[in-house]
Amino acid sequence: MSAEPASPERKGWFARLRDGLAKSSRRLADGITSLFVKRRLDAATLEELEDLLITADLGVETAAKLTANLAREKFDKEVTGDEVRAAFAADIAAILAPVAVPLEPREIANKPFVVLMVGVNGSGKTTTIGKLARQWTDAGKSVVLAAGDTFRAAAVEQLRVWGERSGCPVIEKPHGADAAALAFDALVEARERKADVLIIDTAGRLQNKAGLMEELAKVIRVLKKQDPEAPHATVLVLDGTVGQNAHAQVKTFREMVNVTGLIVTKLDGSARGGIVVALAQSQGLPVHAVGVGEGIDDLHPFEPDAFARSLMGIEG
Amino acid sequence: MFEGLSERLGSVFDRLRKRGALSEADVTAAMREVRVALLEADVALPVVKTFVDRVRERAIGREVLRSVTPGQMVVKIVHDELVDMLGSDSQAINLNAPAPVPILMVGLQGGGKTTTTAKIAKRLRERDRKKVLMASLDVTRPAAREQLRILGEQVGVATLPIINGETPAAIAKRAMTAGRLQGYDVVILDTAGRTSIDEGLMAEVRAVRDAVNPHEVLLVADALTGQDAVTTATNFHERVGITGIVLTRVDGDSRGGAALSMRGVTGMPIKMLGVGEKVDDIEDFHPERLAGRILGMGDVVSLVEKAAETIDAEEAQKTAERMMRGSFTLDDMAAQLKQVRKLGGLGGIMGMLPGVGKLQKQMAGANVDDKMLKRQEAVISSMTREERRNPKILNASRRKRIAAGSGTQVQDVNRVLKQHQDMARMMKQVGKMGGKGALAGLFGGGGGMPAPPQGGGMGGGLPPMPGGGMPGLGGGGMRLPGLGGLPPGFPGKRK
Ligand SMILES: Nc1nc2c(ncn2[C@@H]2O[C@H](COP(=O)(O)OP(=O)(O)OP(=O)(O)O)[C@@H](O)[C@H]2O)c(=O)[nH]1
Ligand SMILES: Nc1nc2c(ncn2[C@@H]2O[C@H](COP(=O)(O)OP(=O)(O)OP(=O)(O)O)[C@@H](O)[C@H]2O)c(=O)[nH]1
Ligand SMILES: [Mg+2]
Ligand SMILES: [Mg+2]
């Protein structure tokens, strides 16, 4: 069954790697506590701390900055693991605090409040729409969904299920229809229905595909023909497992479609989403919410303290 | 956005002029850069550490070849080790088992399992003439089974009829029975996405495995993944046991270090690459290409192939001939701009070229981007046919009209015209100098690989780049179609 390479040398290499990994995950499991039982904060320890941040996807630069901050305050002092973790968490929470801004559809004269969901393939756009629809209908708003992913197989059917679950009508066109035309019609219909909110789903697209990004820009142009203020929010849905490519995603989507905020999904998995910290520093975009599961209620507000503590492995 | 390894090492070794063996100090300095480059490429830290240790051992004391710089020598060693670790052999999906051969697809949510299932099925049907059955065991995600059914119709592969209320293991058994009774060669089982720490769902997929004893268990994973790749791959390997990895979204612009992480911790081969949303967008895995990409050294092979596919050879020849006669029209220029876009925009092309890090920065500095290309295209398409043929008639009022029509400024129109003139002049020169061959090269024929600008490139010490031309990019000094040669003749700064 397995294709384990047979050469002894190769084996040695994998074996070594596994040892290394076991060591490092043990270290992770023990958290930073194992690094200090009240010991002097020296260069080697700082490096290990920096490594911990890197393994949470904060990125080399951000990890280095945070570690340098800590070093300035505590270098050569006797510190415990708890102190260090708390200090780190506080620093991170301070970075995140300004970007923790919930997404609340405003009451506007020219209804509906239009929310456009964008992002790379499979990041969680459609699911997040279902979750938002539930939250906003629970808050007493009338919500209409638009099945703007006219490309992917069964994308419309998928959104239809979320429409049923959240009790919201879904506006659709046949597979292969023009996404911009669908968006236009959906806005007309949502308006006729006097809906408070219209959430438009879009097909996943990688930010380096110029043609697909242009298609998205066209959706917006077409919406603006009816309402120059629309879309009132353009939310980029980021997969929580994403690495450094998130920088390029945010940058390009922002340039092309003027993203107004982020939602980070799949934080119920093993990924810790540390890229959010780096993004908060480099882009400063609001982070509206986090996805923590596949259920309709699994969308939580973004809480900087809790997020920072979980990054640092602090319980509770 | 991130510096490639060659640039990083360039700065470390710029100071070093001496020849001879790589000293321990040299190598240690270099390894710091290697570490950062790999981390920025999303290779997971534990894998980076082991890798760097290994490369260090290999590199200390190695003679620097006469023709290369110490930096290039280190890049070569790193590259070779990377290729070695990624698997110097590309391994196909193994069907060496009694029919129907069960293949199980597993992975995180949204990684691309269902799409990849259809892609592989299509390949097996068309290339290997296999009779394939697909079954979705995804009873979790809304419309998941419907998605596979539709994809099955698209690729002409049968899917197991949907019955509600069955467990995944029961569906899997039913699929195998159908496979046996109806004479299928292969049964591909698509599963629901699951996080690797969800014990319940991991037990569910183990139950499926035990029910059908799959010959291949393929972990489908996203090339955009960060450090989590090690955790996910380790967990799936330990708890389910995988036999190979399919990396998806390789058509993105991530460095793809996750591949190295997963290969590193599981030892399992990367078998296929997903390179797009469409059902034909699947490729065999080539370790050298991915190694180059992780190191930020560009992927010339891919560029050449892509360019060859995209550019219509006959059309190119015609254009070349027309230009030989000295007529390079605005229509020709528009066609070139379009080609650049088809190749994935400037960023796409740049990302695939070796040693372009510096150039990319210059471009960023000069504010040259895909938006500019688009603006130029818009300007040209707002002209009348007569104007395109004979730009001389473009007086001030016509230029104003064109600017308004294309949503640009008169300055933009002027700039396009100026650029067109420069290009036409250049074409004539090239025509004179290199004759038809060179011009054809510029548009898809032969033509040599351009030297990377400003010595930022990889020189002799690197694994051989493919011979032959760089269609659409040949000619001297890295000339991008539609840009009148880069960097010479490069359009000026733009606000
Ligand atoms: N565990 C977990 N899974 C999630 C979360 N959000 C979405 N998913 C799952 O991720 C997968 C992809 O979600 P979709 O909502 O289809 O993603 P999308 O961005 O609409 O995908 P495309 O339209 O194909 O680009 C599905 O299996 C979802 O159930 C989350 O917060 N946690
Ligand atoms: N650009 C690109 N998109 C891909 C690739 N493979 C899959 N996709 C897209 O990624 C999204 C998710 O793909 P799916 O096949 O539904 O993923 P999945 O793993 O089955 O998702 P779940 O069943 O929800 O876990 C879809 O939008 C696909 O079109 C690829 O190689 N490149
Ligand atoms: Mg979707
Ligand atoms: Mg699926």
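Among contacts in chain B between residues at least 6 apart in sequence, 77% join residues at least 24 apart, a contact being a pair of residues whose C-beta atoms, placed from the backbone, lie within 7 Å. This is a predicted model, in which local features need pLDDT of at least 70 and side-chain atom pairs count only at pLDDT 80 or more, while totals for chains, interfaces and linings use all residues. Residues are numbered from 1 along each chain as its sequence is written, and chains are lettered from A and ligands numbered from 1 in the order in which they are written. The secondary structure of chain B consists of 20 helices and eight strands; helices (H or I, at least four residues) and strands (E, at least two) are DSSP runs, numbered from the N terminus. Of the 495 residues in chain B, 56% are buried, a label for residues with 20 or more other C-beta atoms within 10 Å of their own C-beta atom, again placed from the backbone (exposed means 12 or fewer, partly exposed in between).

Three domains divide chain B: domain 1 (5–87), domain 2 (101–297) and domain 3 (301–455), with bounds from an automatic or database domain assignment. The centres of domain 1 of chain B and domain 2 of chain B, taken over C-alpha atoms, are 35 Å apart. Where these two domains touch, domain 1 of chain B contributes 19 residues and domain 2 of chain B contributes 25 residues. On the domain 1 side, at least two residues each are supplied by α1 (5–13), α2 (24–40), α3 (45–59) and α4 (70–87) of chain B. Helix α4(B) provides the largest share of that side, eight residues. By class, the side of domain 1 of chain B that touches domain 2 of chain B holds 15 nonpolar residues, three polar and one charged. Here Ala, Val, Leu, Ile, Met, Phe, Trp, Tyr, Cys and Pro count as nonpolar, Asp, Glu, Lys and Arg as charged, and the others, Gly among them, as polar.

The contact between the two chains takes 47 residues from chain A and 55 residues from chain B. For chain A, the elements giving two or more residues to this side are α1 (8–30), α2 (43–55), α6 (155–166) and α9 (245–257). The largest share, seven residues, belongs to α1(A). The side of chain A that touches chain B is made up of 21 nonpolar, 17 polar and nine charged residues.

Ligand 2 also sits between chains A and B. Its surroundings comprise 27 residues, the closest being A:N121, A:G122, B:G112, B:G193 and B:G274; a residue is taken as near a molecule if its C-beta atom, placed from the backbone, lies within 6 Å of it. Helix α5 (residues 113–126) of chain B gives the most to this shell, with three residues. The shell around ligand 2 has five nonpolar, 14 polar and eight charged residues.

Turning to the sheet in chain A, eight strands form an open sheet in the order β5-β4-β6-β3-β7-β8-β9-β10, with mixed pairing; two strands pair if DSSP finds at least two bridges between them. At the edges stand β5 (170–171) and β10 (299–301) of chain A, each with a single partner strand, so one side of each lacks a neighbour in the sheet. Strand β9 (residues 287–291) of chain A pairs with β10(A) in the antiparallel sense over three bridges. In β10(A), A:L299 is the bridge partner of A:G291.

Helix α11 (residues 304–311) of chain A has the buried residues A:P304, A:F307, A:A308, A:R309 and A:L311. These buried residues of α11(A) pack against α4 (81–96) of chain A. After α11(A) comes A:G313, with a positive phi near 70°.

Some backbone details in the loops complete the picture. The peptide bond from A:K111 to A:P112 is cis, with omega near 0°, and A:P112 is found in the loop between α4 and β3 (113–118) of chain A. In chain B, the bond from B:A99 to B:P100 is cis too, with omega near -10°, and B:P100 is placed in the loop between α4 and β1 (101–106). Although not a glycine, A:D57 has a positive phi of about 70°. A:D57 lies in the loop between α2 and α3 (60–74) of chain A and is buried, with 29 other C-beta atoms within 10 Å. B:A143, likewise not a glycine, has a positive phi of about 65°. The loop between β2 (132–136) and α6 (144–155) of chain B holds B:A143, which counts as buried with 21 C-beta neighbours inside 10 Å.
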